[in-house]
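Visitor: I would like to understand the words used for this structure. Could you walk me through them?

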Amino acid sequence: MKILTKRNGIIALIVFAFSFPYIAQNDYYLHMLTLSFIWAIAVYGINLLSGYTGYLSLAHAGFFAIGAYSLGLLTVKAGMNFWLALICACLITCAIGFLIGLIALRTKEHFFAIYTLCVGYIIYLVIDKWEGLTEGVRGLIGIPAPGNIGPVTFDTAASQYYLVLIFLLAVILIVYRIIRSLTGRTYIAIRNSEDLAQTIGISTMKNKLTAFVLSTFFAGLAGALYASFIRFIGPDIGSTAIMFDLLMYLLVGGIGTLSGPLVGTLLLVILSQNLQFLQEYRMLIFGPLLTVIIIFYPRGIAGAFFDWQRKRKDNALSGVRGELHIKAEEG
Amino acid sequence: MLKLTDVAVNYGSFTAINHVNIEVAEGEIVVLLGANGAGKSTTFRSISGISKLSKGESHFQGMPIGGRAPDRNVREGIVQCAEGRKLFPQMTVQENLRMGAYVHRKKKAEIKDSLEYVYHLFPILKEKHHDEAGSLSGGQQQMLAIGRALMSKPKLLMLDEPSVGLAPLIVEQMFQVIEEINREGITILLAEQNANAALSIADKGYVFENGEIVVQGTASELLANDEVRKAYIGA
Amino acid sequence: GCNKGDSPVSSSGSKGKNDNVVNIGFSGPLSGAAALYGKRTLNGVEMAVNEINDAGGFEVDGKKYTLNLVSLDDKYLPNETGSNAKRLIQEYDTPIIFTPHSGGVLALQVFNEQEEFIIGAYTSEPAVTESGNSLTVRIPPNYEGYIEPFTTYAMENFGKKIAALPTSSQYGKDWTEAVLPHWEKQGGKVVYNSSIDFTKETDFFTIVTNALKKDPDVLFIGGASEPTAKVAKQARELGFKGGFIIMDQAKLDQMKPIAGSYETLEGSIGVLPLMDSDEEAVPAFVEKYQKNYKEDPSSEVGLNYIAMYAFVEAMKSAGSVDDAKAIRKHMQDGLSNIGPDQKIYDIPSIDENGGFASTIVVGAVENGKVVPIR
Amino acid sequence: MEILIQQLFNGLTIGSVYSLVALGLTLVYGILHIPNFAHGALYMLGGYITLSMMTLYGVNYWIAMFVSIIVVGLLGVLLERFVFRLLREAPPLHDKIAAIGILLFLEAFAQFVWGADFHTMTSPYGQVVNILGLTFTLQRLLIIVSAIAVMVLLYLFLKKTYTGSTIIAMSQSREGASLVGININKVAMLTFMISGGLAAIASSLASPINLVFPGMGHLVILKAFVIIILGGMGSIPGAIVGGYILGFSESLGATYISNDYKDIIAFILLVIILTVKPTGLFAKGER
Amino acid sequence: MLIETKNLTKRFGGLAAVNNVDFSIEKGRINAIIGPNGAGKSTFFNLISGFHRPTSGTVLFKGIDITKLPANEIAGLGISRTFQTTSLFDQSTVLDNVIVGHRLRTKSNLVDAILRTKRLKREEAACRDKAMEVLDIVGLTESADRMVSSISQEEKKRTAIALALATEPEIIFLDEPAAGINPDETEGLTELIKKLNRSGLTVCLIEHKMHMIMNLADHIMVLNYGEKIAEGTPKEIRGNEAVIKAYLGGSASA
Ligand SMILES: Nc1ncnc2c1ncn2[C@@H]1O[C@H](COP(=O)(O)OP(=O)(O)OP(=O)(O)O)[C@@H](O)[C@H]1O
Ligand SMILES: Nc1ncnc2c1ncn2[C@@H]1O[C@H](COP(=O)(O)OP(=O)(O)OP(=O)(O)O)[C@@H](O)[C@H]1O
Ligand SMILES: CC(C)C[C@H](N)C(=O)O
Ligand SMILES: [Mg+2]
Ligand SMILES: [Mg+2]
């Protein structure tokens, strides 16, 4: 019996995550962790599209903001019930994502990246300027915390943590199932060669669009959770700075890997908290770190770990079967 | 003129060629035969300097060229016409040819002569000299690639599978052209799958298998070799 | 030239729940376009903290305490302010958190009563005190006080047509919405009104051209000092001869180097620079500040400095260093007990909403010099 | 009418700066296929270096600009050598991320060295000129004239010299360039050098009418991306034309549409263009 | 007729790459298209497979007009192809490449994926079975788990054919399947094509290796400058003056 299997590892992690509020010394750690989980949900969205389907979207901070503002406006201005508003916020984000995707996905590669960068910027500018709806720079204040579900309330840091944790686990499960399914294979085929995918009968537009909409869904969900967690939002949550942060989390963790978004987000959020003492000079370390990781570990920490693991396995095998084995595998 | 001694090249941990010994004398046509992945292109790359030797030595006209940069080699007269052509797709045919003469960029008159010579060899290129290289068909591109290589006035011209995907008529012409170039005094190193045609113009040949030379000899020896006939000439 | 060496960002190792140390929180823009502004507000607090500690701390209820300032960068983003505040409370148990922008203040007001900490609100936005938050202390004067003297001065000296080119922050927009109706009520005319986003623009020729085509007598401008000065300068380049009304965030003395000289700013009315104030404690203060920070102190330095002293005095009167409600309740005592050496501003009282009721001090540029206007 | 002409002049000034920045960006993109997000940071550094030369060492404006061109150009070379060269074989995404890393670093670096304040650069050409009721400052005229001169020189260099055409050749096939004897590493470094130099020229020219601060490159770079797509990624004339189109549309948009929404104009323009032509305005008709 | 083209024309700017070509492919036969470089052969394939839109003319599949259908729908009808420059999903294994080839015959969607429905499991099994089946046909069972980037040129060609077969086509278009592989292997490939044809698949291929074409094809069309210059059995073509002049040259044995 092996104890250190992957499955047991995951179970242990989940158990740890659930018991964390009892271990944490203060609510601030809980706060940071909850926040990281929210970012991670958005990063999973980006990963689905950029990592598996091959389309680097730089508009997702915008979708995050749309989710957040939808929830904020529906609850603050329309007085809607929180849970209903949460669902609506996700649907609104998806609807806008659908329309944008329909057009944006006609472009490819760098064009897509820059197109979406501009879309993201437009979303940000619209939120910033459309004062009648969004209150502009003033932002939305007083967004309610999640409403009770029966006897369950969400007014403590721990309960909010659990709420977000459950959403995060659900998102990971969904992404896991998708990439392991035929649908996931289809996305990966599109990433590898869109032309070829098309000639073997895959409707690339349909698939890209589904991936895009789903990824905006995750971004919107994260945004809505963020709004109700921080309870104050301003236009800047849709800015390119946020987009670059999300991208950094994804890349450092490992793009196109399942664990990458979580690993990257947790690591960088914690790191940047601990580098707070450097204040504005944090980026003196972060910038080069990002560049170095991309050069030497292009698939991020998760990717590097898998490579290392495979190499170790190979070495172990070659110990038994001699050198021939490797040759056969690579030649 | 060219001498490889016990050369090996690795891609990562994978050894693509090993123990390769090749000698090419001035004015010869030498052909490298071998199945896909046998190591022909890798040998070329090691000569032109694109791939670094992990073992052995290479000399050109008595000078070691093991660690020399590719552009330096071109200036010294080692020119490769690579697999996959590597043209400048949005430049016109003529601009492509002019770029071929990059190492002689100072000598305007010579460039003009070379251009005439290439157009003479491949009239179709003259016809299309204003078209973008990317819009040419596969065969036309192959001709352009050879033409471009000739523009740099090579001493040693390496042609990597020049007949791939060409119509029979063109293949025939191609080999005629190669002979003609050779007659002008250019030494030729040729990689081919089309062993029959290649050996018919070559002086000598080397047969690669799994990155090593398994048979070598003059063209007629190889043509007479049963093993070689069976494997590379068919029927 | 920046003062990185001497900003104690707290020794984050000591997680600060040491019995004799009171942690003071600060969250403001320390990077980005408003970094300099944020830094100056921080400098004010920091200078007070250092002075108090150098004097051996202070005594509350028979026990000696020292102060420890913990500052975090929020990039002028309200949500970051919120996040920083949570950290400051949880990790450092700070009874007071300073923040120098209205957005941040409003974000903190969402939960400061529940978490029980005082917001040291460095903003002139009246909205932050009108909301009835019981633990907010607004440090600078509410800008409404400037409206009347500014309007009167500009109208008398230059004329009735005004063009507004304010900064597009929340504070800037609210300011504009307050001043323009008043201008019209006094019989003036608004000929142009469009805000400028200083985070996105640095060349204002286009917009100033458009404003000047309406032939205004007075330009209403403001925001961070440096870009505001640029707007004024370009207006002059484009041939504007009238006067400027300058919102309170920009400071005449800081605008001067950008504008080139006070000549460019001739006819401007704005907040009287601290340097030009005739309060008795000012010269000594200026000297101390110049020695420590190698620059002239601005009013954001002075006001935050004096506010820090007021908070400490309030703690003494309240007999507690961590009961936010008690400290807030004794703010009036705090203000009254400020020593003569610190009295660089005259702040007689705090109103029931938490605003310092300081005397408005207004200055104008006349004949190339700043003169106080009464 | 008068206001129209004045605004056209303003558009020309802004457009000149945009074009110069976009040129550097499009060169690197066209040749090395790197969307260099750090280009804005090079622009920013250019401004700081010129400023420091003038204030710290009291050198003349033009000499300061020259130093700045060299320093930023060399910085470009370093970036090529130690970052982007290592990423040549990597997927395109990685270049973008590395560039973002560099951007974050350079901004923090500038703030570390020069602080977060806004600085002003006083050029010797602050004089105001009034012609026919139009107001120019000499500096603005200088921007337009110098920008156009630089563009002409660059064009001649690329079209008329062999070294210039190696840059073009390499943009189309790196291996092909290597086969004809071009040292691709040198060309890559040269490209980054020119690109950095252009950024330094642009910011040195523009700084006297703007402010120098760590974030000054942000919006410029975003717009430069819009421009190079507008003009066709990698197209030199496209970047120039695109820069002026954007300059004019902003100054006129602010006048006749809305000052608040004038920044959106550029981005909406781009979105419309890509909606109609997903491969950009001047893309070659592939497939 | 399985496939018919009528007046099919494609212009690139001024150049007529394919000019007024009428061609029909009978079910169950092996058809070949030959012609000089640049004659328009690949372009012709691109038109039928929906990769390019024709400038004019029509393409009929079993009598239905498919001229304007997108490439993926054409594949869905049972028309499959390979490319001249072998194109595969480089970053996957041989097996993974071929598994997606069967995707177009499955129906499961995102919801199935998220809920892991029975249908998804059934279809995944079907795809895997199909993949193993076609890998077996092309003789690549052994290499199933190798990365595509590490296999030889000839194995890639066979993988490409397997990928095309996984779509369950009625007709398969092969663009120079034997280019760049040696005579020995060409033999093997010829056998494979014959085998496929015997199992009922209609084949249409472009090839310059006359040796191979002549002993494989039932029917040959010759293109030159985009126009059809001859059509017929190998024997007829070999003897056709125009073809010899334009294409084959003296020794038609290469
Ligand atoms: N860049 C590379 N990285 C890893 N392996 C490589 C690389 N290039 C070639 N190889 C491997 O090296 C071996 C020799 O390849 P090479 O291209 O030299 O063969 P070749 O004889 O030219 O074959 P072909 O007829 O296909 O051109 C092959 O197994 C090939 O897979
Ligand atoms: N996308 C394109 N744009 C412009 N011209 C093209 C394009 N594709 C092909 N052509 C031109 O169309 C003609 C036919 O090309 P095609 O690739 O179909 O030839 P082919 O018969 O397959 O030749 P080969 O045997 O050399 O592959 C050629 O002259 C080519 O230059
Ligand atoms: C004048 C300042 C005290 C106002 C501050 N800049 C704000 O944003 O609210
Ligand atoms: Mg080869
Ligand atoms: Mg073809």
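Visitor: Why are H7(B) and H10(E) called oblique to each other?

Guide: Helix H7 (residues 168–183) of chain B and helix H10 (residues 241–248) of chain E pack at an angle of about 45°. Angles under 35 degrees count as roughly parallel, over 145 as roughly antiparallel, 65 to 115 as roughly perpendicular, and the rest as oblique. H7(B) and H10(E) are therefore oblique. Their axes, 7 Å apart, are lines fitted to C-alpha atoms over the stretch in contact, with angles from 0 to 180 degrees between N-to-C directions. Helices are DSSP runs of H or I with at least four residues, and strands are runs of E with at least two, numbered from the N terminus.

A word on the source: this is a predicted model, where local features need pLDDT of at least 70 and side-chain atom pairs count only at pLDDT 80 or more, while totals for chains, interfaces and linings use all residues. Residues are numbered from 1 along each chain as its sequence is written, chains are lettered from A and ligands numbered from 1 in the order in which they are written, and side-chain values use heavy atoms, leaving out hydrogens and water.

Visitor: Which residues make the contact of H7(B) with H10(E)?

Guide: H7(B) brings B:Pro168, B:Leu169 and B:Glu172, and H10(E) brings E:Lys245, E:Ala246, E:Tyr247 and E:Leu248. Contact means heavy atoms within 4.5 Å.

Visitor: What makes C:Lys251 count as buried?

Guide: Its relative accessible area is 4%. Buried means under 20%, exposed over 50%, and partly exposed in between, with a 1.4 Å probe and protein chains only. C:Lys251 is therefore buried. This lysine sits in the loop between strand S10 (243–246) and helix H10 (252–259) of chain C. Leaving aside residues up to four places away in sequence, C:Lys251 touches C:Tyr122, C:Ser225, C:Ser299 and C:Glu300.

Visitor: What is the largest nonpolar core made of?

Guide: The core has 359 residues, and C:Leu165 and E:Leu205 have the most contacts inside it. Helix H2 (residues 27–53) of chain A gives the most, with 17 residues. A nonpolar core is a set of buried Ala, Val, Leu, Ile, Met, Phe, Trp, Tyr and Cys residues joined through side-chain atoms within 4.5 Å. Among the residues that C:Leu165 touches are C:Ile196, C:Val208 and C:Phe220.

Visitor: How much area do chain A and chain D bury between them?

Guide: About 3,700 Å², with 82% on carbon and sulfur atoms. Buried area is the accessible area (1.4 Å probe) that two parts lose on being put together, summed over both. A:His110, A:Phe111 and A:Ile114 supply 18% of what chain A buries against chain D.
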